[in-house]
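Hi,

Here is the structure I promised to pass on. Have a look at it first, and then read my notes below.

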Amino acid sequence: MKGRKNLPGNRSDPGWEHGIDVDSTNRRVQCKYCGVIRSGGVYRLKHHLAGTSCKVEACPNVPEEVKQKFIDLLRTHTEESQKKKRSRYGIDDDNDDDEVEQVKKRKGKNTMDVLLPKQKQKNQTTINQIFKKQERDDVCQQICRFLYTSAIPFNCVNNPEFAKMVPMIGKYGVGLKQPSYHEVRETFLKKEVLRTMEMLEEYKVEWSKTGCTIMSDGWTDKKRRSICNFLVNSPKGTVFLASIDTSDISKTAQKVFEMLDDIVERVGEENVVQVVTDNATNYKLAGEYLMEKRKHLFWTPCAAHCIDLILEDFEKKLDVHRVTIEKSRRITTYIYSRTLLLTWLKDFTKGKELIRPAVTHFATTYLTLGCLNENKGALISMFASDKWKSSRFVKADKGKSIESIVMDTRGFWPNVASCLKGALPLIKVLRMVDSDDKPAMGFIYEMDLAKAKIQENFNNVKKSYECIWSIIDQRWESQLHRPLHAAAYFLNPHYHYSPNFKVNVDVKIGLYKCLERMIPDATERVKIDMQIDLFKNAKGLFGIESTVLTRKKKSPGDWWDSYGDECPELKRFAIRVLSLTCSSSGCERNWSEFEMVQTKRRNRLHQQKMNDLVFVMYNLKLKEREAIRDANKAEKIYLDDISSDDEWITEKESPILPERGRWLNILDRTTQQEGHDEDSEDDVDFVPNTFGDACELQSLHLDYLS
């Protein structure tokens with residue numbers, strides 16, 4: 001029998017030509033090139049010479065030809081070892097190491113593995129990781145070169161689809177033929193559209209159970225085409241259904257009605273509980289036409305848009321709001337149009353901004369007003385500092401004017417606080433209804449919470465909050481006082497069992513109007529009416545301990561699904577009402593997908609092609625977001641849990657994009673400034689005149705720096 005090649009007296013292993021046996025007992029070997037003594041015998045010496053970093057550092061002095069010799073030697077040895085494993089477990093050579101491990105598991109565990117305690121498994125280093133570092137660098141360099149020359153954002157490598165693509169290319173191996181131009185824009189796009197449609201089938205099952213909301217809103221693309229988006233919302237999530245080019249259509253109430261009616265037919269009238277659109281007159285009339293034809297659904301105006309109009313009314317109708325916002329606008333535009341002042345500001349605020357680019361354009365004015373209030377001390381310190389007093393800004397008329405506003409601690413700053421006292425409670429409600437993945441129908445009717453908070457903010461002084469209440473009530477009565485809102489308020493256990501729960505005539509009328517439209521069978525309506533008494537009096541399942549404890553813990557729809565079994569007809573009705581959204585914000589968030597698809601370089605895309613691209617892109621993103629949300633088991637947010645922090649108003653999931661096609665205008669205006677003294681009073685061609693302009697200018701500046 002042939003002796004082992006590493007036994008004393010039989011040192012036939014090629015590694016011994018480059019090492020010295022220092023201690024045979026402890027298997028300590030010294031490298032001839034660097035003199036380092038390491039344990040592990042000749043095995044680790046060979047990895048030391050090859051520079052694989054496998055449990056030992058690389059030799060810095062080894063000749064290149066020796067290094068390459070041992071790289072080839074170790075690669076051959078590793079491949080032979082893998083072949084033996086495959087042969088032992090009956091695996092073909094074309095399969096990977098993962099299949100070997102799976103066969104091992106199917107074969108059963110070793111006896112010693114069962115007896116010994118389990119140890120934490122470490123990821124096994126593959127052959128490619130050891131020997132193909134340079135090859136990987138070359139491949140990654142080519143991938144990055146493609147990204148650079150195509151002006152593709154860096155964060156696209158975080159796209160889960162990118163992470164799936166790379167291993168599939170490697171698994172295919174040598175000889176993969178890239179997709180052709182025609183395949184990308186026709187063959188595979190059509191396949192992906194069909195695949196996405198199949199993916200949406202699971203949403204349709206949910207629609208039949210909980211009902212759904214059709215959301216619609218208009219948009220104008222870079223070719224000045226008027227596009228109307230249609231999305232469908234349910235507790236499972238929002239899906240993009242279609243977009244219609246309305247450039248050659250006069251958006252009369254009749255035309256809008258016809259479009260909405262077609263979409264309802266496509267989704268299925270039995271699945272649609274409500275249609276949410278803008279509050280414009282033509283949409284309102286179209287909603288009335290739709291309700292006249294479709295007897296079992298409702299049209300409701302967008303609650304987020306309605307609350308935004310309330311905030312706009314504050315500025316238009318209340319002098320203190322109008323004057324304070326104008327002064328605040330002057331401060332932000334003055335500072336953000338002068339680089340030196342912006343640098344000073346960040347020093348005093350420790351990097352905080354006065355303006356916040358928001359996910360939605362709603363309430364941007366008051367959010368920025370809140371930033372000013374938070375940085376009040378820093379602003380006063382900056383305008384009282386030696387830097388300001390020794391600068392030439394202090395001598396200019398504009399500088400003096402801005403300084404007087406900031407230093408007005410008895411007039412301006414108390415007015416800022418007063419404006420926020422009236423606006424922030426509404427912004428909390430706005431945040432709630434502006435979310436399209438959390439059913440908010442059961443909470444929008446309780447506007448009294450926001451009104452009560454406003455009253456509390458003004459220390460119950462009636463003359464201070466009466467004018468604000470008047471503006472809110474005017475919009476509420478004309479736009480948001482809807483039967484669905486009233487029914488959802490009545491059926492929401494979060495409020496129904498609260499000591500402050502109030503049922504007036506309007507709430508009951510709204511509840512029974514919903515019953516009449518949504519439940520055509522009179523016998524079933526009578527059953528529901530009888531079952532409402534069990535719900536009101538907390539009898540049966542409604543009164544057990546777990547039901548009481550979870551009234552404010554679970555979402556209203558989930559609560560009814562868990563405890564409404566004794567009242568099956570009422571349960572189904574309550575779930576369909578409480579599972580609804582109350583805004584069309586999802587349509588507006590879809591604009592960013594259109595912006596990415598319809599760029600200046602791609603403005604020849606036909607509307608159908610663009611529709612297919614957005615259909616695939618938007619729905620895959622929604623699917624991925626839903627998977628992440630389910631994995632994290634995120635809790636639903638309700639009115640009591642809402643805060644006005646950066647999590648809502650700062651967009652992190654996608655790149656900052658311009659609002660409604662204003663990007664080119666900003667570029668044109670900012671380009672005019674090139675060649676001028678950035679600190680000059682008279683050379684500033686573009687000074688943003690709204691908080692929105694300032695936010696976009698900041699985003700443009702940050703994108704340029706990055």
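The axes of α8 (residues 181–199) and α9 (residues 201–210) cross at roughly 30 degrees and come within 4 Å. Those axes are lines fitted to C-alpha atoms, for helices over the stretch in contact, with angles from 0 to 180 degrees between N-to-C directions. On the α8 side the contact (heavy atoms within 4.5 Å) is made by Met 197, Glu 198 and Met 199, and on the α9 side by Glu 201, Glu 202 and Tyr 203. Sorted by class, that gives three nonpolar, no polar and three charged residues. Here Ala, Val, Leu, Ile, Met, Phe, Trp, Tyr, Cys and Pro are nonpolar, Asp, Glu, Lys and Arg are charged, and the others, Gly among them, are polar.

Before you go further: this is a predicted model, where local features need pLDDT of at least 70 and side-chain atom pairs count only at pLDDT 80 or more, while totals for chains, interfaces and linings use all residues. Residues are numbered from 1 along each chain as its sequence is written, and side-chain values use heavy atoms, with hydrogens and water left out.

Now the overall picture. The protein has 35 helices and eight strands, taken as DSSP runs numbered from the N terminus (helices are H or I, at least four residues; strands are E, at least two). Of its 706 residues, 43% count as buried, meaning under 20% relative accessible area; exposed is over 50% and partly exposed is in between (1.4 Å probe, protein chains only). Among contacts between residues at least 6 apart in sequence, 67% join residues at least 24 apart.

Phe 542 lies in the loop between α26 (522–536) and α27 (545–549) and Trp 560 in helix α28 (residues 556–563), so the pair ties together parts 18 residues apart in sequence. Both residues are buried, and both belong to one aromatic cluster that also includes Phe 443, Tyr 489 and Tyr 497.

Tyr 497 has a charge over its ring as well: the charged end of Arg 551 sits 3.7 Å from the ring centre. The rule is NZ of Lys or CZ of Arg within 6 Å of the ring centre and within 35 degrees of the ring normal.

What about the backbone? Most residues other than glycine have a negative phi. Lys 350 has a positive one, near 60 degrees; this residue is in the loop between α14 (339–349) and α15 (364–374) and counts as exposed at 76% relative accessibility. Ala 538 also has a positive phi, about 55 degrees. Ala 538 is in the loop between α26 and α27 and is partly exposed, at 23%.

Finally, Val 66 in helix α2 (residues 64–89) is buried, with a relative accessible area of 9%. Leaving aside neighbours within four places in sequence, Val 66 is in contact with His 18 and Tyr 33.

Cheers

Conventions
Phe/Tyr/Trp six-rings, centres within 6.5 Å; stacked < 30°, edge-to-face > 60°.
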